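Subject: Structure handover

Hello,

Here is the structure I promised to pass on. Please open it first, then read my notes below.

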Amino acid sequence: MNKITKLLTLALLSFAALSCDKVIITEQPQEELLEVNANNLSGKWQLFEWDGNVLAEGTYVYLDIVRNGQTYTMYQNMDSFSNVPHVITGKYTLTTDPELGTIIRGSYDHDNGEWADRYIVKTLTADKMIWVPVTNSTSYQIFHKVKDIPVAE
């Protein structure tokens, strides 16, 4: 009788463990990854997270990336002491590195030089993109697509 009880208990525990695994293992639908190109990057984006930190309330960076002419306009108040956005314009280029993937780099208009870094576009979906600096693979920026840029002129 004792052996039967042990076998039944073991069978029930095995069944419960297998049932739990099935619930835990259920797959989440994955968002479709897009090819990194000027057409798919085009749009209005808000910097949401930088190196694991959500931007402080009231702080913002918006990018309006334009496919035609590969231009961008950035609206940001990270280096400003007022609610007036600092508007920066420029051009960007996309290149493909066989090891790193697609890299975006840019320059500022008005002879202000090039971006401080080049960025690997690690992930691009219809609603989100992740940039990683080429020179610092532990750093990253997460952008979310937005319908409008509220601080645009």
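**The nonpolar core**

The largest nonpolar core has 21 residues. Leu63, Ile104, Met129 and Trp131 have the most contacts inside this core. Several elements each supply at least two residues of it: helix H2 (38–41), strand E1 (43–50), strand E3 (61–66), strand E4 (71–76), strand E5 (86–97), strand E7 (119–124) and strand E8 (128–133). Please keep in mind that this is a predicted model.

Leaving aside residues up to four places away in sequence, Trp131 touches Leu63, Ile104, Trp115, Tyr119, Ile120, Val121, Ser139, Tyr140, Gln141 and Phe143. Two of these partners, Leu63 and Ile104, are also among the core residues with the most contacts.

**The cavity**

How many cavities of 30 Å³ or more are there? The count comes to 1. The largest cavity holds about 30 Å³ of space. Its lining consists of Leu63, Ile65, Tyr72, Tyr92, Ile104, Trp115 and Trp131. By class, that lining has 7 nonpolar residues, no polar ones and no charged ones.

**The pocket**

The largest pocket has a volume of about 370 Å³. Its lining takes in 17 residues. Nearest its centre lie Trp50, Met74, Tyr108, Tyr119 and Gln141. E1, E3, E4 and strand E9 (141–145) are the elements that give two or more residues to this lining. By class, the pocket lining has 13 nonpolar, 2 polar and 2 charged residues. Tyr119 and Gln141 link back to the core notes: they lie among the residues nearest the pocket centre, and Trp131 touches both of them.

**The chain as a whole**

What does the secondary structure come to? The chain has 2 helices and 9 strands. From the N terminus on, the order is α-α-β-β-β-β-β-β-β-β-β.

The chain has 153 residues, and buried ones make up 29% of them. Take the contacts between residues at least 6 apart in sequence: 38% of these join residues at least 24 apart. The chain exposes about 10,700 Å², with carbon and sulfur atoms supplying 55% of that area.

Best wishes

Note on methods
Residues are numbered from 1 along each chain as its sequence is written. This is a predicted model: local features need pLDDT of at least 70, side-chain atom pairs count only at pLDDT 80 or more; totals for chains, interfaces and linings use all residues. Side-chain values use heavy atoms; hydrogens and water are left out. A nonpolar core is a set of buried Ala, Val, Leu, Ile, Met, Phe, Trp, Tyr and Cys residues joined through side-chain atoms within 4.5 Å. Buried means under 20% relative accessible area, exposed over 50%, partly exposed in between (1.4 Å probe, protein chains only). Helices (H or I, at least four residues) and strands (E, at least two) are DSSP runs, numbered from the N terminus. Contact means heavy atoms within 4.5 Å. On a 1 Å grid over the protein atoms alone, a cavity is a set of points where a 1.4 Å probe fits but cannot get out, and a pocket is an open set with protein on both sides within 12 Å along at least five of seven lines; lining residues have an atom within 4 Å of a point. Grid points are joined across faces, edges and corners, and a volume is the space filled by probe spheres set on the points. Ala, Val, Leu, Ile, Met, Phe, Trp, Tyr, Cys and Pro count as nonpolar, Asp, Glu, Lys and Arg as charged, and the others, Gly among them, as polar. Accessible areas come from the Shrake-Rupley method with a 1.4 Å probe; for residues, only the protein chains shown count as cover.
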